[in-house]
Amino acid sequence: MNDSILNTLSSLHSGQQVTVIYDGKFENKRLRICGTVANVDLFWKTLQVNNVGIDFSEIHEIRT
């Protein structure tokens with residue numbers, strides 16, 4: 001993960017609209033989700049968009 005993604009993640013807040021491109025662990029392919037940030041957990045390094053939990057290490061791109 002690059003620094004710009006980490007900076008973006010640390011500035012997100014609940015209710016914010018985002019688009020995330022990430023690698024799905026179970027789908028074995030790159031996925032894209034657009035939605036509302038439900039939670040950003042900097043300790044466990046997870047982002048929840050709508051009802052989807054995404055590990056920071058899976059994220060390739062994030063746009064606000």
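Leaving aside neighbours within four places in sequence, which residues is Cys34 in contact with? They are Val18, Thr19 and Asn50. Before going on, please note that this is a predicted model.

Cys34 itself sits in strand β2. Its relative accessible area is 43%, so Cys34 is partly exposed. For a distance to keep in mind, Ser11 is 23 residues from Cys34 in sequence, and their C-alpha atoms are 17 Å apart.

Is Thr19 buried or exposed? Thr19 counts as buried, because its relative accessibility is 15% and the cut-off for buried is under 20%. Not counting residues up to four places away in sequence, Thr19 touches Arg32, Ile33 and Cys34, and also Glu61, Ile62 and Arg63. Arg32, Ile33 and Cys34 fall within β2, which covers 29-41. Glu61, Ile62 and Arg63 fall within β5, which covers 59-63.

Next, the core. The largest nonpolar core has 15 residues. Which of them touch the most other members? Leu9, Val20, Leu47, Ile59 and Ile62 do. Two or more residues come from each of these elements: helix α1 (3-11) and strands β1 (17-24), β2 (29-41), β3 (46-49) and β5 (59-63). As general background, nonpolar side chains in soluble globular proteins tend to be buried together.

With residues up to four places away in sequence left out, Ile59 touches Ile5, Leu9, Val20, Ile21, Tyr22, Leu47 and Ile54.

For the helix, consider Leu6, which is found in α1. Leu6 counts as partly exposed because its relative accessibility is 41%. Between the C-alpha atoms of Leu6 and Glu58 the separation is 12 Å, while the two residues are 52 apart along the chain.

Two backbone angles deserve a look. Asn28 is not a glycine, yet it has a positive phi of about 55°. Asn28 is placed in the loop between β1 and β2, and at 67% relative accessibility it counts as exposed. Lys45, also a residue other than glycine, has a positive phi near 55°. Lys45 is in the loop between β2 and β3. With a relative accessible area of 46%, Lys45 is partly exposed.

Now the whole chain. There are one helix and five strands, and the order along the sequence is α-β-β-β-β-β. The C-alpha trace spans about 30 × 25 × 20 Å along its principal axes.

Some totals to finish. Of the 64 residues, 33% count as buried. Among contacts with a separation of 6 or more, 44% come from residues 24 or more positions apart.

Key:
Residues are numbered from 1 along each chain as its sequence is written. This is a predicted model: local features need pLDDT of at least 70, side-chain atom pairs count only at pLDDT 80 or more; totals for chains, interfaces and linings use all residues. Side-chain values use heavy atoms; hydrogens and water are left out. A nonpolar core is a set of buried Ala, Val, Leu, Ile, Met, Phe, Trp, Tyr and Cys residues joined through side-chain atoms within 4.5 Å. Buried means under 20% relative accessible area, exposed over 50%, partly exposed in between (1.4 Å probe, protein chains only). Helices (H or I, at least four residues) and strands (E, at least two) are DSSP runs, numbered from the N terminus. Contact means heavy atoms within 4.5 Å.
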